[in-house]
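Reader: Before we discuss the terms used for this model, could you show me the sequence and the structure?

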Amino acid sequence: MQSTAPKIEHLTISAYTVPTETVESDGTYTWDKTTLVLVQAAGGGRTGIGYTYASTSAASVVASTLRDLVIGRSAMDVRAIWDAMCAAVRNLGNTGLCAMAISAVDTALWDLKARLLDLPLVSLLGAAREAMPVYGSGGFCNYSDERLREQLGGWVRNGISMVKMKIGREPGRDLERVAVARQAIGPDAKLFVDANGAYGRKQALAQAEAFAAQNVSWFEEPVSSDDHEGLRLLRDRAPAGMEIAAGEYGYDAGYFRRMIMAGAVDTVQADVTRCRGVTGFLQVAALCDAFYLPLSCHCAPALHLHPACAASRMVHAEYFFDHVRIERMLFDGVPKPENGRLHPDLSLPGNGLIFKEADARSYLVT
């Protein structure tokens, strides 16, 4: 029987580069701008929105390799299209830019499907919870102590009871900066640190023991996320009450399975803009279900909201300063935290986002 489901008629790809407010740095990288690659999938009179934070090269992958696979397919067959996209990038390399390109298309297709069915995306996926807890994330290594206090303390005053700061750029100052952060947020808020893989194994262990005096409860990428043995060492020997987390650079389910099987982390991180979209994110969520591990969402809070609320082991999501700013600039429908949680708008179909084309035009690069 021939399907009567709407076909995907158009796939529009564009990229927008937004300068940061100031130069920013973490333990291993410095940047002054962020690029959002946007995919809009149209069919049946509706348009779905998806995006990734990547270079414009990801847009080229979508245009040259993925678009022709998508156009003309049923908008209901998101998984079949995902399988075809993953197969198509075999000879290009199925991680990195290709995985991010797939992520942008896949999130757009899920959004389109939900809008065609006139359902919020979380309802289409199957809700596991009504809201997504968030932690404020920024505290860049090049911030002054004054700016560090202002940003982290501001989140806590606004009802976000978990905050994260960057460390690792100057290891000799990290404990001092962590103490500044603790003083700013008070004794009750949770304090997370993220080294972005800047430390060696024993250096990270020594830092973990020192951070415990400031009640740091989350140590992200103390060593490289590819160093599963090092992460396992930290997980086994870090002070009680300090979670070891990694996974933001995972591009496929196999990567996450290897990390989990190595016993490398207490909490798995996944990024819907990198792990091949909503379809890939749900695969990671299933692994967390199978191995009884918590799941945390990395960055892009507006895009994570609906799939995160469909993940039973999701514990929180990163309310990343840069991405929050960009999402508010480029989209209507971006939710604001209420008592430290984001709620999907169940009155709107899809992910609830509306692209502000006129506002975005000055940032267009391709």
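Author: A pocket is here an open set of grid points with protein on both sides within 12 Å along at least five of seven lines, and its lining residues have an atom within 4 Å of a point. The model is predicted, and its largest pocket is lined by 23 residues, of which Tyr 29, Trp 31, Thr 34, Arg 274 and His 323 lie nearest its centre. The largest share of that lining, four residues, comes from strand E2.

Reader: Trp 31 also forms an aromatic pair with Phe 140; what makes this pair edge-to-face?

Author: The ring centres of Trp 31 and Phe 140 are 5.5 Å apart and the planes stand at 90°, whereas the definition asks for centres within 6.5 Å and planes over 60 degrees apart, so the pair is edge-to-face. Trp 31 lies in strand E2 and Phe 140 in the loop between strand E4 and helix H5, 109 residues apart.

Reader: Why is the pair of Phe 211 and Phe 219 called edge-to-face?

Author: Their ring centres are 5.7 Å apart and their planes are at 70°, so this pair is edge-to-face, given the limit of over 60 degrees.

Reader: How do you know whether Phe 211 is buried or exposed?

Author: Phe 211 has a relative accessible area of 0%, and buried means under 20%, so Phe 211 counts as buried. Phe 219, at 0% relative accessibility, is buried as well.

How values were computed
Residues are numbered from 1 along each chain as its sequence is written. This is a predicted model: local features need pLDDT of at least 70, side-chain atom pairs count only at pLDDT 80 or more; totals for chains, interfaces and linings use all residues. Side-chain values use heavy atoms; hydrogens and water are left out. Rings of Phe, Tyr and Trp (its six-membered ring) pair if their centres lie within 6.5 Å; planes under 30 degrees apart count as stacked, over 60 as edge-to-face and the rest as tilted. Helices (H or I, at least four residues) and strands (E, at least two) are DSSP runs, numbered from the N terminus. Buried means under 20% relative accessible area, exposed over 50%, partly exposed in between (1.4 Å probe, protein chains only). On a 1 Å grid over the protein atoms alone, a cavity is a set of points where a 1.4 Å probe fits but cannot get out, and a pocket is an open set with protein on both sides within 12 Å along at least five of seven lines; lining residues have an atom within 4 Å of a point.
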